[in-house]
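This report goes through one chain, from overall figures down to single contacts. Please keep the structure open while reading.

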Amino acid sequence: VQLQAYGGGLVQPGGSLRLSCAASSSISSADVMGWYRQASEKERELVAEITRGGSTNFADSVKGRFTIFRDISEQTVVLQMFSLKPDDTAVYYCNFRSDGRDYWGQGTQVTVSS
């Protein structure tokens, strides 16, 4: 499975960004798809994920500000981010999990700064 993530960039605090992850395989075949992030000198952490059944899970730090959904027609998983904070600055990675195996995209930089 190959994943292509795009949509990162520089945004001011309080702004919004939309990250998309396009998969080479049907996203319906994934057990879970999600977004992780890794800030400088920190470990990679889960941001949000969505299961095949449509259940979602969010990190406490982004609850109420981020949403995740699947666009089946485009074969993408979207992370919509609102009310961004400087602490959201990180490289964001798309994840595709199937049968216990993880596939990762190349990462896209999100920088929240004035």
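## Surface and basis

Accessible areas here come from the Shrake-Rupley method with a 1.4 Å probe; for residues, only the protein chains shown count as cover. On that basis the chain has an accessible surface of about 5900 Å². Carbon and sulfur atoms hold 44% of this surface.

The model is predicted: local features need pLDDT of at least 70, side-chain atom pairs count only at pLDDT 80 or more, and totals for chains, interfaces and linings use all residues. Residues are numbered from 1 along each chain as its sequence is written, and side-chain values use heavy atoms, with hydrogens and water left out.

## Overall build

The chain has 0 helices and 11 strands. Both kinds of element are DSSP runs, numbered from the N terminus: helices are H or I with at least four residues, strands are E with at least two. Read from the N terminus, the order is β-β-β-β-β-β-β-β-β-β-β. The radius of gyration is 13 Å, close to the 13 Å that the globule rule gives for 114 residues, so the chain is as compact as a globular protein of that length. That radius is taken over C-alpha atoms, and the rule is 2.2 Å times the number of residues to the power 0.38.

The C-alpha trace spans about 40 × 25 × 25 Å along its principal axes. Of the 114 residues, 42% count as buried. Buried means under 20% relative accessible area, exposed means over 50%, and partly exposed lies in between (1.4 Å probe, protein chains only). A contact means heavy atoms within 4.5 Å. Among contacts between residues at least 6 apart in sequence, 53% join residues at least 24 apart.

## Strand pairing

Two strands pair if DSSP finds at least two bridges between them. Strand E7 (residues 66-71) and strand E8 (residues 76-81) pair in the antiparallel sense over 6 bridges. Arg70 stands opposite Val77 of E8. The hairpin of E7 and E8 has 4 residues between its strands, and Gln75 there takes a positive phi near 55°.

Strand E11 (residues 108-112) pairs with two strands named here. Its pairing with strand E2 (residues 9-11) is parallel, over 3 bridges. Val11 has Val112 as its bridge partner in E11. The pairing of E9 and E11 is antiparallel, over 3 bridges. Ala90 stands opposite Val110 in E11.

Which residues of E11 form its covered face? They are Thr108, Val110 and Val112, while Gln109 and Thr111 make up the uncovered face. In a regular strand the side chains alternate between the two faces of the sheet.

## The disulfide

How many disulfides does the whole structure hold? The search finds 1. A disulfide is a pair of cysteine sulfur atoms within 2.5 Å. Cys21 and Cys94 form it, with their sulfur atoms 1.9 Å apart. The bond links distant parts of the chain: Cys21 sits in strand E3 (residues 17-23) and Cys94 in strand E9, 73 residues apart.

The torsion about the S-S bond of Cys21 and Cys94 is about -80°, so the disulfide is left-handed. Cys21 counts as buried because its relative accessibility is 0%. Cys94 is also at 0%, and therefore counts as buried.

## Salt bridges

The structure holds 6 salt bridges. A salt bridge is a side-chain nitrogen of Lys or Arg within 4 Å of a carboxyl oxygen of Asp or Glu. Arg52 forms one with Asp31, the closest N and O atoms being 2.8 Å apart. Arg52 lies in the loop between strand E5 (45-51) and strand E6 (56-58), and Asp31 in the loop between E3 and strand E4 (32-38), so the pair ties together parts that are 21 residues apart in sequence. Arg52 is partly exposed at 44% relative accessible area. Asp31 is partly exposed at 26%.

Arg37 and Glu45 meet in another salt bridge (2.8 Å, N to O). Arg37 is buried, at 6% relative accessibility, whereas Glu45 is partly exposed, at 37%. Arg65 and Asp88 also meet in a salt bridge (2.8 Å, N to O). Arg65 is in the loop between E6 and E7, and Asp88 is in the loop between E8 and E9, 23 residues apart. Both Arg65 and Asp88 are buried. Salt bridges that share partners join Arg37, Glu45, Arg65 and Asp88 into one network.

## Around Ser83

Ser83 is in the loop between E8 and strand E9 (90-98). Its relative accessibility is 40%, so Ser83 counts as partly exposed. Leaving aside neighbours within four places in sequence, Ser83 is in contact with Gly14, Gly15, Ser16, Arg65 and Asp88. The C-alpha atoms of Ser83 and Val62 are separated by 9.4 Å, with the two residues 21 apart along the chain.
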